[in-house]
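Biologist: Before we talk, could you put the sequence and the model up where both of us can see them?

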Protein chains: 2
Amino acid sequence: MSVSDPETNSTPTATPTPKSLRRAARRGPATLRDIATVVGISPSAVSMALADHPRIGRETKEAVRAAARELGYVANSAGRALRAGRSTSIAVVVPNTAQHVFGHPYFMHLLVGVTGAANAHDTAVLISTNPVTDHDPVAYDRILRSQAAAGAIIASAAINDPNVNRMVEGGLPVVLIGRYPHLPEAVSVGMDDIAGAAAVTRHLINEHGLRRIGHISGPLEHQTALDRYEGFRAALAESPQPCTHTLAVGDFSEEAGRAGAAQLLDGMAGLEAIFAANDEMAYGALLELRARGLRVPEDVALVGYDDFGVSRLTTPAITTVRVPAEQLGRQAAERLFGLIDGAGEPVTHENVPIELVVRESCGYHPGA
Amino acid sequence: MSVSDPETNSTPTATPTPKSLRRAARRGPATLRDIATVVGISPSAVSMALADHPRIGRETKEAVRAAARELGYVANSAGRALRAGRSTSIAVVVPNTAQHVFGHPYFMHLLVGVTGAANAHDTAVLISTNPVTDHDPVAYDRILRSQAAAGAIIASAAINDPNVNRMVEGGLPVVLIGRYPHLPEAVSVGMDDIAGAAAVTRHLINEHGLRRIGHISGPLEHQTALDRYEGFRAALAESPQPCTHTLAVGDFSEEAGRAGAAQLLDGMAGLEAIFAANDEMAYGALLELRARGLRVPEDVALVGYDDFGVSRLTTPAITTVRVPAEQLGRQAAERLFGLIDGAGEPVTHENVPIELVVRESCGYHPGA
DNA sequence: CAGCCGTGCTGAAGCGTTAAAGCATCCAAG
DNA sequence: CTTGGATGCTTTAACGCTTCAGCACGGCTG
């Protein structure tokens with residue numbers, strides 16, 4: 001209070017509102033300069049005070065913080081980003097190759113996880129999709145080149161998506177969701193699809209004593225589809241009893257599930273169970289089974305994968321493997337912040353635990 | 001050239017390649033200056049050339065465009081935003097009051113619509129949610145104050161959400177999704193829930209001859225819930241035959257649907273049909289009916305609202321009203337760009353058409 | 001009491017962009 | 001041969017922020 005400016009300091013005789021009036025005159029949000037004027041110091045000092053710089057006095061800091069609070073000051077993100085050389089946002093990219101999963105609750109759960117972690121880091125989340133065309137001057141490419149995001153999370157892409165490779169090599173911090181064995185350098189967060197598929201298959205074999213099992217896989221250029229197929233075969237192979245299986249390749253759509261089920265039923269006599277690589281296809285299979293007058297689970301048992309909402313609602317409800325999308329999102333965001341802050345972590349891939357969700361479509365349980 | 005600095009001026013005798021080398025040395029994306037160096041003009045001229053300014057020569061423009069393409073130049077969004085005084089992003093805000101609808105495909109469809117329109121305007125989409133607490137220093141408030149977005153789309157909020165009012169009055173361009181009769185000044189895009197609810201109710205009355213109908217509404221602090229209830233009553237009132245109805249208030253959750261159905265069944269003898277204000281509650285009602293051994297639609301007809309995926313999957317599939325979320329998103333984004341660009345449109349509310357989706361749960365049709 | 005250090009701030013610079021004003025150069029008209 | 005305007009670029013400045021060097025001042029030591 002010693003060498004205070006007589007002009008800008010609060011005049012105790014005035015009404016308590018003149019500051020806010022003055023701010024209202026300068027249209028738009030408060031800046032550092034506004035605070036500086038109110039407190040009576042330079043903008044740099046305000047910046048340093050808010051950053052808790054040791055060379056700023058305690059009283060000044062308190063005055064600055066009070067003024068900032070009163071003015072509702074939030075640092076202009078463009079100014080800060082320009083100065084810092086990087087943005088305060090992260091991007092979530094949904095490549096066009098992932099459009100078929102779009103509309104699933106999966107992405108919303110993912111986003112909840114990502115935004116939750118981002119909020120904790122005071123970071124905004126940009127989302128970028130390419131809903132329309134395939135070979136556009138890819139929208140997210142522009143966003144990333146414009147430095148609008150400090151890093152990106154890429155949600156579920158095909159194995160051979162060239163854009164993914166470009167982004168990983170583009171210098172920008174990138175975290176992939178899923179498993180990318182062909183990109184050993186890339187940081188990724190996924191789940192153990194092999195173990196999940198094995199678990200649900202094992203359940204069919206061990207708990208229900210089924211031996212003749214068909215699998216409807218996803219498109220085999222998706223790592224997820226490959227892994228679930230591999231887990232399926234591994235469980236069959238490790239079984240003490242001899243099991244036989246057959247395969248239909250689908251594309252994760254309900255229609256493909258229906259076609260796949262038809263193919264399996266026609267191809268293998270005495271089929272006892274179907275494991276579809278996702279719930280959507282399991283639902284398609286259910287429709288086909290129903291159309292043929294086959295009961296689920298009495299005649300043919302059925303299991304799916306994902307648990308994003310579909311499998312809960314059908315009759316019978318479908319036994320499935322839960323994909324913890326929210327945790328996936330949160331963890332991916334945390335990894336991304338690690339990369340951005342330059343914490344030199346050597347870990348490249350990380351798995352989130354999956355969970356077997358037993359419902360009715362696999363058969364009735366003694367305990368139930 | 002008179003009082004020029006002898007140090008920084010270009011030495012014409014140097015080799016012709018140091019420019020590209022210099023850029024290679026300057027790690028990171030190309031800037032206007034890089035292009036300027038390559039072409040041999042000033043950064044401002046480059047800026048003007050890219051903006052197709054009439055005072056820049058044709059040859060220069062072509063050279064600039066070529067260099068920009070070669071260097072992969074995309075304008076730095078922070079620099080541009082700082083200069084322009086506003087960001088090149090728009091925000092999609094999901095208030096905490098909307099969490100119960102979160103995880104629905106609705107939001108993804110909305111986002112597809114918004115991002116599609118945004119891509120067309122070369123604009124990034126920020127998404128902001130408050131998944132955790134209720135009375136936090138609201139995350140999206142910070143984002144908006146930080147000027148990270150030029151405007152915001154607010155997805156489905158409660159009528160009395162104070163944050164919505166603050167944002168509408170906050171000076172930032174805002175488009176609300178839904179109908180907000182108490183905010184006559186606010187720009188909003190919604191659908192005619194009254195008409196939709198009336199249509200599906202009329203279908204029960206006219207096509208199936210049902211007279212004793214119960215409604216399970218959403219929470220009555222939601223405009224959507226109010227409108228659907230109103231449409232329901234309007235259809236009953238306009239019917240030439242006398243109809244009776246009863247009401248149970250729910251909260252859009254499956255559990256509430258189940259409880260609501262129980263309440264309706266216990267409260268009105270000879271109940272012929274149930275109209276749930278959304279599909280999730282309709283599914284809950286289906287479970288309750290099934291548990292009581294009542295057949296749908298033979299004993300009690302059932303209809304829902306939304307068609308976000310749930311109603312297609314159940315057995316029987318639920319007759320519902322489709323909410324065109326993607327179009328909603330696209331239209332909201334277009335309106336927002338209109339506001340941002342200052343096209344002084346007087347229109348404040350706009351409706352997107354809804355569509356009746358007839359399935360099995362309302363009764364079998366002669367045509368089917 | 002000169003020199004030195006710690007404290008607490010100011011001032012300048014620059015991140016990338018763009019609008020506006022300024023300044024050459026050239027051509028046509030007076 | 002001067003004037004006046006196109007034409008085509010350069011310079012300057014500013015947006016809001018942070019870093020860094022620098023300055024003033026007081027107290028402490030030698």
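Predicted model: local features only at pLDDT ≥ 70, side-chain atom pairs only at ≥ 80, totals over all residues.

The conversation below takes up the chains, the DNA strands and some local features in turn.

Biologist: What share of the residues of chain A count as buried?

Modeller: The secondary structure of chain A comes to 14 helices and twelve strands. Among the contacts in chain A with a separation of 6 or more, 71% are between residues 24 or more positions apart. Of the 368 residues of chain A, the share that count as buried is 52%.

Biologist: Which relation do chain A and chain B have to each other?

Modeller: Chain B is superposed on chain A, with an RMSD of 0.1 Å, by a rotation of 180° that has 0.0 Å of shift along its axis. That is the relation of a two-fold axis.

Biologist: Which element of chain B gives the most residues to the side that touches chain A?

Modeller: In this interface 45 residues of chain B are in contact with 45 residues of chain A. Among the elements of chain B that each supply at least two residues to that side are H5, helix H6 (105-120), strand S2 (124-129) and helix H7 (139-145). By class, the side of chain B that touches chain A divides into 24 nonpolar, 19 polar and two charged residues. With nine residues, the element that gives the most is H6(B).

Biologist: Why can one say that the copies meet through the same surface?

Modeller: The comparison is between the interface residues of the two chains, and the copies meet through the same surface because the interface residues of chain B are also interface residues in chain A to the extent of 100%.

Biologist: In S2(B), which residue is the bridge partner of Val125(A)?

Modeller: Strand S2 (residues 124-129) of chain A and S2(B) pair in the antiparallel sense, over three bridges. Within S2(B), the bridge partner of Val125(A) is Ile127(B).

Biologist: Which residues of S2(A) are buried on the side that holds Val125(A)?

Modeller: Six of the six residues of S2(A) are buried, so this strand is largely enclosed by the rest of the structure. In a regular strand the side chains alternate between the two faces of the sheet. On one side of S2(A) the buried residues are Ala124(A), Leu126(A) and Ser128(A), and on the other they are Val125(A), Ile127(A) and Thr129(A).

Biologist: Which residue of S2(A) is the bridge partner of Val94(A)?

Modeller: Strand S1 (residues 89-94) of chain A pairs with S2(A) in the parallel sense, over six bridges. In S2(A), the bridge partner of Val94(A) is Thr129(A).

Biologist: Which element gives the largest share of the surface near DNA strand C?

Modeller: DNA strand C is surrounded by 22 residues, and the closest are Ser42(A), Gly57(A), Leu32(B), Asn76(B) and Gly79(B). The elements that give two or more residues to this surface are H3 and H5 of chain A together with H3 and H5 of chain B. The largest share, four residues, comes from H5(B).

Biologist: How many charged residues does the surface near DNA strand D have?

Modeller: Of the 23 residues around DNA strand D, those that come nearest are Leu32(A), Gly79(A), Ser42(B), Ser44(B) and Gly57(B). By class, this surface has ten nonpolar residues and nine polar ones, and the number of charged residues is four.

Biologist: Just after H2(B), which residue takes a positive phi?

Modeller: Helix H2 (residues 32-39) of chain B is mostly covered, with seven of its eight residues buried, and Leu32(B) and Val39(B) are among the buried ones. Just after H2(B), the residue that takes a positive phi, of about 90°, is Gly40(B).

Biologist: Is Phe252(A) buried or exposed?

Modeller: Phe252(A) lies in the loop between strand S7 (244-249) and helix H11 (254-267) of chain A, and its phi is positive, about 75°, although it is not a glycine. Because Phe252(A) has 25 C-beta neighbours inside 10 Å, it counts as buried.

Biologist: What is omega for the cis peptide bond from Val296(B) to Pro297(B)?

Modeller: Pro297(B) has its place in the loop between helix H12 (279-291) and strand S9 (301-303) of chain B. The peptide bond that joins Val296(B) to Pro297(B) is cis, and its omega is near 10°.

Notes. Residues numbered from 1 in each chain as written. Chains lettered and ligands numbered in written order. Near = placed C-beta within 6 Å. Nonpolar A, V, L, I, M, F, W, Y, C, P; charged D, E, K, R; others polar. Contact = placed C-beta atoms within 7 Å. Pairing = 2+ DSSP bridges. Least-squares fit on C-alpha atoms with pLDDT ≥ 70 in both. Buried ≥ 20, exposed ≤ 12 C-beta atoms within 10 Å, placed from the backbone.
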